[in-house]
Amino acid sequence: MAEAKKDAIALLKEDHRTVEGLFEQFEKASGEGRKQKLAEQICLELSVHATIEEEIFYPACEGKVDEELLKEAFVEHDGAKMLIADIQAGSGQGDEFFDAKVKVLKEQIEHHVEEEEKRMEGMFSQARKAGLDMDALGEQLARRKAELVATFETSGVPKPELTTMNEAL
Ligand SMILES: [Fe+2]
Ligand SMILES: [Fe+2]
């Protein structure tokens, strides 16, 4: 059955809930294989989500939402990408910091999601108030997301590219 069309904010919030669910499963999981698989899934979901926001949603917000907030969002994405890159490259639970890295990534994402979803002054509220066409953006986001998921599932998740830092990765 075809999925009902979601507007941009509904789609992005749904991604946030998906990742929160995966982090929760990770915390409860035991066994090396299971945790490794969940960590890979988290990295995939976050990589797709960050890419569609940076390619489509954030540019649409430019000039419409608080500039500092938007800049911070890009930097927060890059901070998360550094951890994602490390988790992807690492030896999973052979790394004594594996659980700590996933936990810190979760905390960073929680903060970032709060900045996007906060009532009134959050990025999504500001974008909605500025009158962005959320239906059209939702379609663009969904199309690009499907493309990226298909590519990442077949060829693996590429090493993240940083947007605001030149030398860190
Ligand atoms: Fe987001
Ligand atoms: Fe974001």
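Colleague: How are helix 1 and helix 4 oriented to each other?

Modeller: In this predicted model, helix 1 (residues 8–28) and helix 4 (residues 98–117) pack at an angle of about 155°. Angles over 145 degrees count as roughly antiparallel, and helix 1 and helix 4 are therefore roughly antiparallel to each other. Their axes are 11 Å apart, and their crossing is left-handed.

Colleague: Which residues make the contact of helix 1 with helix 4?

Modeller: Helix 1 contributes K13, H16, R17, E20, F23, F26 and E27. From helix 4 come F98, D99, V102, K103, L105, K106, I109, V113, E116 and E117. Sorted by class, this contact has nine charged, seven nonpolar and one polar residue.

Colleague: At what angle does helix 1 pack with helix 2?

Modeller: The angle between helix 1 and helix 2 is about 160°, and the axes are 9 Å apart. That makes helix 1 roughly antiparallel to helix 2. The crossing of helix 1 with helix 2 is left-handed.

Colleague: Which residues meet there, and of what class are they?

Modeller: On the side of helix 1 they are A8, L11, L12, D15, H16, T18, V19, L22, F23, Q25 and F26. They meet R34, K35, L38, A39, Q41, I42, E45, L46, H49, I52, E53 and F57 in helix 2. By class, 13 of the residues in this contact are nonpolar, five are polar and five are charged.

Colleague: How do the axes of helix 1 and helix 6 cross?

Modeller: The axes of helix 1 and helix 6 (residues 134–155) cross at roughly 40° and come within 7 Å. Helix 1 and helix 6 are therefore oblique to each other. In this contact A8, I9, L11, L12 and D15 of helix 1 meet M134, L137, G138, L141, A142 and K145 of helix 6. Eight of these residues are nonpolar, two are charged and one is polar.

Colleague: I turn now to the metal site. Which residues are the protein donors of the iron ion (ligand 1)?

Modeller: They are H16 (NE2), H49 (NE2), E53 (OE) and E116 (OE), lying 2.1 to 2.2 Å from the iron ion (ligand 1). In sequence, these donor residues follow the spacing H-x32-H-x3-E-x62-E.

Colleague: How far apart are the iron ion (ligand 1) and the iron ion (ligand 2)?

Modeller: The two ions are 3.2 Å apart, and E53 coordinates both. The pair links distant parts of the chain, with H49 in helix 2 (residues 32–61) and E116 in helix 4 lying 67 residues apart.

Definitions and conventions: Residues numbered from 1 in each chain as written. Chains lettered and ligands numbered in written order. Predicted model: local features only at pLDDT ≥ 70, side-chain atom pairs only at ≥ 80, totals over all residues. Heavy atoms only, no water. Axes fitted to C-alpha atoms, helices over the stretch in contact; angles between N-to-C directions. Helix = DSSP H or I, 4+ residues; strand = E, 2+ residues; numbered from the N terminus. Parallel < 35°, antiparallel > 145°, perpendicular 65-115°, else oblique. Left-handed = near helix turned anticlockwise from the far one by under 90°. Contact = heavy atoms within 4.5 Å. Nonpolar A, V, L, I, M, F, W, Y, C, P; charged D, E, K, R; others polar. Donors = N, O, S within 2.8 Å, 3.2 Å for Na, K, Ca; no water.
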